Amino acid sequence: MNIILLGPPGAGKGTQASRLVAERGMVQLSTGDMLRAAKDAGTPVGLQVRDIMARGELVSDAIVSALIGERLDSLKEEAGGDTGPGVIFDGFPRTAAQAEALDLLLAERGQQLDHVVELTVDEAALTERIVGRYTCAKCGEGYHDRFKQPAEAGVCDVCGSTEFKRRPDDTAETIATRMAIYRGETAPILPFYDARGLVAQVDGMAEIGQVTQAIESILDR
Ligand code: AMP
């Protein structure tokens, strides 16, 4: 089963993808995570995308589509040529060209898309969600200044690490750019999938566990 989680920045795509990974053994493919890893490792791709990401703009369709293609190939190899456990696309596709590229990448590997889950959110609440969020630097567990502090201040609930990090692009200025790009380039791909009967909406403002349940019931349909 291959699904796309679609929604504006801060809608909870990453959070929900991690929960589906834990509960269903699916694989999360986040182009944002891949690009951040490339940037941190100082690879040629990382150097190429660093400034674009800092501004909250989109990197080229060719770069992200290539990253996804490589990951799909390695997943297939790990699964011994089988289709594997199923993929959650998180933050990809973000443009019409990427949506077309994904169709091709899947078809070339004998796979298809099963669901596109749109996380609907109150845009006014997103800035607060995004500027307050941070993660454990060691295990990646997500926290929030207002909504989810560790039980013991400064110590990760999951792994006990005392180091945390914030994304450099989670600032009020870049959020405005990222939202505008979502509205102008990403949301318009929904009709493309809707015409194929793939889109289901989930209220992304509900409590985290309820959102997961709603997504699971779509996958179990
Ligand atoms: P994210 O973690 O999904 O919010 O992505 C962080 C940043 O990485 C975005 O603001 C873009 O600069 C870049 N990025 C991630 N995914 C894509 C994509 N599918 N297409 C273009 N740029 C992307």
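A polar contact is a pair of N or O atoms within 3.5 Å; within protein, one atom must be able to donate a hydrogen and the other to accept it, and residues adjacent in sequence count only if both atoms are side-chain atoms. By this definition, a polar backbone atom of Val 59 lies 3.1 Å from a nitrogen atom of the ligand. The model is predicted: local features need pLDDT of at least 70, side-chain atom pairs count only at pLDDT 80 or more, and totals for chains, interfaces and linings use all residues. Residues are numbered from 1 along each chain as its sequence is written, and side-chain values use heavy atoms, with hydrogens and water left out.

A polar side-chain atom of Thr 31 is placed 2.8 Å from a nitrogen atom of the ligand. For Arg 36, a polar side-chain atom lies 2.9 Å from an oxygen atom of the ligand. On its own, the ligand has 480 Å² of accessible area, of which the protein covers 96%. Accessible areas come from the Shrake-Rupley method with a 1.4 Å probe; for residues, only the protein chains shown count as cover. There are 16 residues around the ligand. A residue counts as near when one of its heavy atoms lies within 4 Å. Thr 31, Arg 36, Glu 57, Gly 91 and Gln 98 come nearest. Helix 2 (residues 31-41) gives the most to this shell, with four residues. Helices (H or I, at least four residues) and strands (E, at least two) are DSSP runs, numbered from the N terminus.

Ser 30 belongs to strand 2 (residues 27-30). Its relative accessibility is 6%, so Ser 30 counts as buried. Buried means under 20% relative accessible area, exposed over 50%, and partly exposed in between (1.4 Å probe, protein chains only). A polar atom of the Ser 30 side chain lies 2.9 Å from the backbone nitrogen of Asp 33.

Helix 4 (residues 61-78) has 18 residues, which at 1.5 Å a residue should span 26 Å; its end C-alpha atoms are 26 Å apart, in agreement. The expected span is 1.5 Å times one less than the number of residues. Buried residues in helix 4 are Ile 63, Val 64, Ser 65, Leu 67, Ile 68, Gly 69, Leu 72 and Leu 75. They pack against strand 2, helix 2, helix 3, strand 3 and helix 5. Contact here means heavy atoms within 4.5 Å. Gly 80 follows helix 4 and has a positive phi, near 65 degrees. Most residues other than glycine have a negative phi, and most peptide bonds are trans. The bond joining Phe 92 and Pro 93 is cis, with omega about 0 degrees. Pro 93 sits in the loop between strand 3 (87-90) and helix 5 (96-108).

Leu 5 is part of strand 1. At 1% relative accessibility, Leu 5 is classed as buried. Not counting residues up to four places away in sequence, Leu 5 touches several residues, including Lys 13, Ile 88, Gly 91, Val 117 and Ile 215.

Helix 7 (residues 172-186) has 15 residues and should span 21 Å at 1.5 Å a residue; its end C-alpha atoms are 20 Å apart, which agrees. Its buried residues are Thr 174, Ile 175, Arg 178, Met 179, Ile 181, Tyr 182 and Thr 186. They cover an arc of only 165 degrees around the axis, and therefore lie on the same side of helix 7. The arc is that of the directions from the helix axis to the C-beta atoms. Glu 173 and Gly 184 are exposed on the other side. Cover for the buried residues includes strand 1 (3-6), helix 3 (44-55), helix 6 (123-131), strand 5 (133-136) and helix 8 (190-194). Met 179, in helix 7, has a relative accessible area of 7% and is buried. Leaving aside neighbours within four places in sequence, Met 179 is in contact with Pro 8, Pro 9, Glu 123 and Leu 126.

Glu 216 lies in helix 9 (residues 208-219). It counts as buried, at 14% relative accessibility. The side chains of Glu 216 and Arg 24 make a polar contact (2.5 Å).
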